[in-house]
Amino acid sequence: MEFNTLILEKEEYLATLYINRPKALNALNSEALFELETAVRDIRSDSNIKVMIITGAGDKAFVAGADITFMVPLTSDEGRFFSDLGERVMRQIELLEKPVIAAINGFALGGGCELAMACDIRLASETAVFALPEVGLGIIPGFGGTQRLPRLIGEGRAKELTFTANKINAQEAFRIGLVNNVYPPDQLMDEAKNLAKKIAANAPLAVGYAKHAINKGLQVDIDTAMSIESDIFGLCCATIDKIEGMSAFVEKRKPKFEGK
Ligand code: CO8
């Protein structure tokens, strides 16, 4: 699949998506967001793909934000449209039935930090820098950042980062729980691929259902969440992979999952 602003590579079970606008440090304009939406749709429908990695092309930036040049002339209505588009695409990543790993290889600012937050697991290079600089530009995070950041790191820290627009390094991002782990730059992609491989060895439907149960459960009270979990557990029990996984255990062999 050919894009102007992205590179999509597929190998076996893994799709790796590079945000590729090097002249603008991979900043997201509307073309990039529409292409991202197309790529996510393609990955959703590709039954070979079990895990997706999102990273930035080059060695300087994951994504340095929404494209400021693009946003300069936006009217209120156009700004609302652009924010809606970004929110929709981030949500499609979050709701994708396959795990998405952000491999954050440099600047993850504004919309770039928001893109990383829409992914399931965030791995960072030691050189990564995070911030929500929006209030310094007279706007607010508009791709879901005001909602996801407090859910990830707690209200107080989220408000401090958002109100100050402070930049933090990868170690600080790790300390506050914004990223799962930090690696030397030359190891980041290998580590992301190792993680993808581990995930892909498990039953794909069960992994997707687990993602769905966690996402849905976080939005509701604990009793409703338990009921969501048991409903989805019931769905797992109707899969061929459940029979295979348990048979393999009993027969002391490795399971061969079909995603059915
Ligand atoms: N948008 C457009 N162009 C950018 C962006 C960006 N976000 N970031 C960098 N660039 C461009 C620069 O303009 C420069 O272009 P040129 O060579 O033509 O001058 C090129 O990338 C290289 O950048 P620098 O020369 O500035 O590189 P430095 O290493 O000196 O600095 C920084 C790197 C610190 C990343 C710096 O470029 C910077 O501060 N960039 C802006 C970061 C930022 O503020 N991001 C947040 C944007 S706002 C946002 O994301 C809102 C999301 C929600 C939108 C809701 C819809 C309305």
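Start at the largest pocket: its lining draws at least three residues from each of domain 1 (6–200) and domain 2 (204–250). Keep in mind that this is a predicted model.

**Stop 1: the largest pocket**

Select Glu94, Met117, Arg148, Asn215 and Leu218. The largest pocket has a volume of about 730 Å³. Of the 23 residues that line it, these five, Glu94, Met117, Arg148, Asn215 and Leu218, are the closest to its centre.

Now colour by secondary structure. Which elements each supply at least two residues of the lining? They are α3 (76–95), α4 (111–118), β7 (121–125), α5 (145–153) and α9 (204–217). Highlight α9 next. The largest share of the lining comes from α9, with 5 residues.

Switch to colouring by residue type. The lining divides into 11 nonpolar, 4 polar and 8 charged residues.

**Stop 2: the two domains**

Colour 6–200 and 204–250 separately. The domain assignment gives these ranges as domain 1 and domain 2. The C-alpha centres of domain 1 and domain 2 lie 27 Å apart. Their contact takes 11 residues from domain 1 and 6 residues from domain 2.

**Stop 3: the whole chain**

Zoom out. The chain has 11 helices and 10 strands. Its radius of gyration is 19 Å, close to the 18 Å that the globule rule gives for 260 residues, so the chain is as compact as a globular protein of that length. Along the principal axes, the C-alpha atoms fill a box of roughly 60 × 40 × 35 Å.

Of the 260 residues, 45% count as buried. Then look at contacts between residues at least 6 apart in sequence: 70% of them join residues at least 24 apart.

**Stop 4: helix α4**

Select 111–118. Helix α4 also belongs to the pocket, where it supplies at least two residues of the lining. How many of the residues of α4 are buried? The count is 8 of 8, and the helix is mostly covered. Step along the helix: Gly111, Gly112, Cys113, Glu114, Leu115, Ala116, Met117 and Ala118 are buried. Met117 is one of the residues closest to the pocket centre.

**Stop 5**

Select Glu134. Look for it in the loop between β8 (129–131) and α5. Is Glu134 buried or exposed? Glu134 counts as buried, because its relative accessibility of 6% is under the 20% cut-off.

Show its surroundings. Leaving aside neighbours within four places in sequence, Glu134 is in contact with Gly110, Gly111, Glu114, Ile139, Ile140 and Pro141. Of these, Gly111 and Glu114 are among the buried residues of α4. Draw a C-alpha distance from Glu134 to Gly111: the two are 8.9 Å apart in space and 23 residues apart in sequence.

**Stop 5: Gly106**

Move to Gly106, in the loop between β5 (100–104) and β6 (107–109). Gly106 is buried, with a relative accessible area of 1%. Leaving aside neighbours within four places in sequence, its contacts are Lys60, Ala61, Phe62, Thr127, Ala128 and Val129.

**Stop 6: Thr16**

Select Thr16 in strand β2. Thr16 is buried, at a relative accessible area of 1%. Show what surrounds it. Leaving aside neighbours within four places in sequence, Thr16 is in contact with Ile7, Leu8, Glu9, Ile53, Thr55 and Met189.

**Stop 7: two residues with positive phi**

Select Asn26. It sits in the loop between β2 (14–19) and α1 (30–45). Asn26 is not a glycine, yet its phi is positive, at about 65°. Asn26 counts as buried, at 1% relative accessibility.

Finish at Lys252, in the segment after α11 (240–250). Lys252 is also a residue other than glycine with a positive phi, near 55°. Is Lys252 buried or exposed? Lys252 is exposed, because its relative accessible area of 77% is over the 50% cut-off.

Methods
Residues are numbered from 1 along each chain as its sequence is written. This is a predicted model: local features need pLDDT of at least 70, side-chain atom pairs count only at pLDDT 80 or more; totals for chains, interfaces and linings use all residues. Side-chain values use heavy atoms; hydrogens and water are left out. On a 1 Å grid over the protein atoms alone, a cavity is a set of points where a 1.4 Å probe fits but cannot get out, and a pocket is an open set with protein on both sides within 12 Å along at least five of seven lines; lining residues have an atom within 4 Å of a point. Grid points are joined across faces, edges and corners, and a volume is the space filled by probe spheres set on the points. Helices (H or I, at least four residues) and strands (E, at least two) are DSSP runs, numbered from the N terminus. Ala, Val, Leu, Ile, Met, Phe, Trp, Tyr, Cys and Pro count as nonpolar, Asp, Glu, Lys and Arg as charged, and the others, Gly among them, as polar. Domain bounds come from an automatic or database domain assignment. The radius of gyration is taken over C-alpha atoms; the globule rule is 2.2 Å times the number of residues to the power 0.38. Buried means under 20% relative accessible area, exposed over 50%, partly exposed in between (1.4 Å probe, protein chains only). Contact means heavy atoms within 4.5 Å.
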